[in-house]
Amino acid sequence: MMTENYPVLALRGVTAFPKLSLSFDVERGISLFALDCAMEGNHDIFLVTQREISVAEPEEADLYSIGTVCHIVEILKTSDTTVRVRVEGRQRARLHRLWQTTPFLQANVELLEEPAIRHTDRIEALLRQTYSIFGAYHDLVPNLSDDLVATVLDSRDPGELADYIAQNLTLRHQNRQRVLEELHPGKRLEIINEILVHELDVLTLELEMEQKVRERVGHVQRDMVLREQMKVLKHELGEDGDEELEEYAEKIQQMQLSEEVEKKLLKEVDRLAKQPFGSAEATVIRNYLDVCLEMPWNETTMEQADVEKAAAILDQDHFGLEKVKERILEFIAVRQLNPEAKGKILCLVGPPGVGKTSIAVSVAKAMNRKLARLSLGGVRDEADIRGHRKTYIGAMPGRIIDALIRAGSMNPLLVLDEIDKLGSDMRGDPAAALLEVLDSEQNSTYRDHYLEVPVDLSRVMFITTANTLNTIPRPLLDRMEVIELGSYTDEEKLQIAKRHLLPKQLKEHGLRKGQLRISDGAIRSIISGYTRESGVRVLERQLGKVCRKAAMRLISGEVKRITLTEKTLEKVLGPVRYEPSLHMKQDEIGIVNGLAWTQVGGEILEVEVNVMEGSGKVELTGNLGTVMQESAKAALSCLRSRAAALHIESDFYKTKDIHIHFPEGAVPKDGPSAGIAITTAVLSALTGRKVRGDVAMTGEVTLRGRVLAIGGLKEKTMAALRYGMTTVIIPKANEKDLEDIDQTVRHALHFVTAETVDDVFAEAFSAAKDPAAAVDHLAALAADMQETPTTLCL
């Protein structure tokens with residue numbers, strides 16, 4: 001067995017045969033390199049067909065074993081990446097080993113010789129059978145060229161005839177490969193006859209199916225013509241009234257619509273009458289009329305404008321949320337005095353789980369309005385809001401119109417949930433489409449793209465919900481009245497759990513009130529140790545877990561009643577998930593309890609400062625944001641400017657290395673409100689004075705030592721109480737905000753207002769309460785530090 005080395009070109013869906021020309025396009029890199037290699041030699045190349053057309057980089061297993069050695073006749077460049085190749089088949093060959101795959105395919109190939117045969121009666125019979133089958137094929141496929149037919153009928157060599165028919169007819173490449181792989185000419189002709197018979201059967205079925213379709217279309221057209229003739233006859237006789245059209249027209253007139261809307265709908269009814277039976281346009285018009293007639297054009301609910309009843313319903317459904325309730329009751333009071341007042345657009349902003357959506361449901365119940373909710377989270381298509389033009393296939397009205405249809409009223413309460421999570425892309429900006437909807441001066445003539453008629457939304461009350469205002473476009477935000485819902489206090493969570501969550505979970509789990517009792521202390525422990533959230537969703541799940549554990553014990557017969565206390569809580573819910581924040585409980589040097597706001601409430605934020613002998617380096621660690629780093633620099637500059645008054649070494653910024661650290665380094669921290677805490681901690685570390693462990697503080701510091709206002713005071717003061725603080729230092733500018741904090745917190749803590757850092761220092765340091773004594777103490781410490789280098793450890 002002799003093998004030769006040839007460059008290989010893998011064909012996709014094409015098969016090359018000996019003694020026949022073949023033209024094909026080449027664009028793959030490995031194929032182009034194979035052509036280059038062949039052109040550098042004797043212009044011979046081995047063409048073999050891929051088993052799967054989709055394979056881009058074929059291996060040996062992806063190629064058939066039999067192919068054809070061809071001679072390259074011509075190569076034409078058709079584009080920058082494609083060439084057209086014309087080859088002449090030489091001889092069948094077998095692929096033995098594909099020994100190279102990059103940069104082009106090369107293989108060891110064995111040339112195959114075709115066995116010689118005599119022209120016997122059997123061969124003659126096969127040839128005649130081929131001519132007969134091919135003639136029948138030509139009758140079913142009349143577009144075959146005359147040259148092709150003539151060549152087939154003139155051919156007397158069975159092998160060449162089989163190859164010629166396989167290459168020139170439209171066959172699957174698997175069938176062509178069967179012909180190529182058969183070396184015996186007689187058997188090859190038998191295979192081609194078998195393939196042609198199969199093709200004849202398929203073509204016959206196709207013609208039968210086509211005939212049936214034509215007959216069916218003919219019947220439809222005949223019916224259409226007859227129906228049109230019937231319409232003409234009825235028109236001539238004056239009996240052209242169509243029941244469907246009459247029904248549409250009657251419904252439109254009974255609805256007492258505005259002149260513009262009624263005119264538009266009757267015009268569509270006239271268009272429907274002119275449509276031929278079964279036309280696609282008639283279906284579009286019917287869908288449009290059905291949607292328009294489903295609209296509650298003149299239907300409204302009798303609004304209940306009673307402030308006392310509304311207040312009772314809101315208080316029954318929700319604990320706390322006083323600002324929200326107050327604003328809702330104000331709106332109801334206005335409606336009570338002026339029933340024709342326009343609908344309002346409120347935006348409830350707050351962290352997850354604080355009751356934004358549920359308060360909207362309660363408002364609908366309190367005002368006797370029907371409710372429809374639209375979830376806008378992830379909406380990216382402007383057509384979702386304004387609808388699609390009815391000319392499009394599958395067109396439908398926008399979500400606003402759909403909500404009115406679902407509500408069945410023109411004065412419902414529409415809840416637009418998660419309005420801060422609207423997206424935008426190439427299909428438009430949904431937030432821009434809401435500008436007209438949420439503008440009480442414009443939405444009286446709102447036009448949906450599908451309806452194309454004005455719809456009055458001025459009587460609709462809109463309540464939107466969001467977790468943040470940062471992602472809401474400014475023009476849209478300007479159209480809404482924003483009501484902020486803060487985090488629930490621990491006391492509020494306790495009352496919500498006792499009044500709403502626990503009774504709900506007991507009912508869902510089939511427990512009676514007497515079967516499971518949970519003490520207030522246990523609920524407080526669940527709130528502090530097993531949840532860390534602004535709302536109460538996780539708290540409700542934890543109470544549900546307690547109910548499931550109790551149900552298991554009751555069903556097993558272990559006990560008849562279960563009482564859960566702080567001591568037994570860990571057996572039911574497992575180890576405490578959230579430990580209290582790291583904070584100082586005793587007087588320390590260089591450590592201060594700051595206060596921070598998070599989305600799940602307030603936290604103690606401890607500040608640690610270490611002062612060491614060095615060259616004036618300042619290290620800031622603890623995953624701090626840019627604003628917080630700048631606040632630390634401002635605190636150091638403030639102390640430098642007051643070094644003489646505070647009896648600090650004037651060159652401490654040159655001779656001391658200062659390291660400021662905020663524990664829990666994995667948690668990102670930012671904001672300016674830790675300014676006075678940083679200033680106090682650095683001064684304590686420089687002077688060696690201890691800071692009171694029962695004092696927490698919050699406030700921004702300036703270079704001049706002024707203390708500026710901060711936000712989140714309600715949550716911060718709750719954290720101070722929760723972690724055992726007795727005194728809280730706040731900016732003087734925040735004194736007015738004390739009215740808004742929880743009264744329990746107000747009475748339990750001693751609040752000190754500070755205008756400058758001097759007020760902070762006077763309250764924060766534990767020793768030397770007298771100012772003169774404090775100055776002497778600072779001076780003595782400064783002298784000691786000059787004599788003996790000291791490192792303050794935390």
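These are my notebook entries on a predicted model of one protein chain.

**Ground rules**

I number residues from 1 along each chain as its sequence is written, and side-chain values use heavy atoms, with hydrogens and water left out. Because the model is predicted, local features need pLDDT of at least 70 and side-chain atom pairs count only at pLDDT 80 or more, while totals for chains, interfaces and linings use all residues.

**Entry 1: the whole chain**

I looked up the helices and strands first. The chain has 27 helices and 26 strands. These are DSSP runs, numbered from the N terminus: helices are H or I with at least four residues, strands are E with at least two.

Next I asked how spread out the chain is. Its radius of gyration is 43 Å, well over the 28 Å that the globule rule gives for 794 residues, so the chain is more spread out than a compact globule. The radius is taken over C-alpha atoms, and the rule is 2.2 Å times the number of residues to the power 0.38. Along the principal axes, the C-alpha atoms fill a box of roughly 130 × 95 × 65 Å.

I then checked burial. Of the 794 residues, 47% count as buried. Buried means under 20% relative accessible area, exposed means over 50%, and partly exposed is in between (1.4 Å probe, protein chains only).

I also looked at contacts, meaning heavy atoms within 4.5 Å. Among contacts with a separation of 6 or more, 73% join residues 24 or more positions apart.

**Entry 2: Arg188**

I found Arg188 in helix α6, which covers residues 185-237. Is Arg188 buried or exposed? Its relative accessibility is 0%, so Arg188 counts as buried. Leaving out residues up to four places away in sequence, Arg188 touches Arg92, Glu114, Gly159, Glu160, Ala162, Asp163, Val179, Glu182 and Leu183.

One of these contacts is Asp163. Arg188 and Asp163 form a salt bridge, with the closest N and O atoms 3.2 Å apart. Asp163 sits in helix α4 (residues 158-168) and Arg188 in helix α6, so the pair ties together parts that are 25 residues apart in sequence. Both Arg188 and Asp163 are buried. A salt bridge here is a side-chain nitrogen of Lys or Arg within 4 Å of a carboxyl oxygen of Asp or Glu.

**Entry 3: Pro185**

I moved to Pro185, also placed in helix α6. Pro185 is buried, at 3% relative accessible area. Beyond four places in sequence, its contacts are Glu114, Pro115, Ile117, Pro158 and Gly159.

**Entry 4: other salt bridges**

How many salt bridges does a search of the whole structure find? It finds 34.

I looked up Glu194 and Arg178, whose side chains meet at 3.5 Å, N to O. Glu194 is in helix α6 and Arg178 in helix α5 (residues 173-181), so this pair links distant parts of the chain, 16 residues apart. Glu194 is partly exposed at 47%, and Arg178 is partly exposed at 35%.

Lys732 pairs with Glu735, the closest N and O atoms being 3.2 Å apart. Lys732 is partly exposed at 39%, and Glu735 is partly exposed at 37%.

Last, I found a network of salt bridges linking Lys264, Glu268, Arg271, Glu281 and Glu452.
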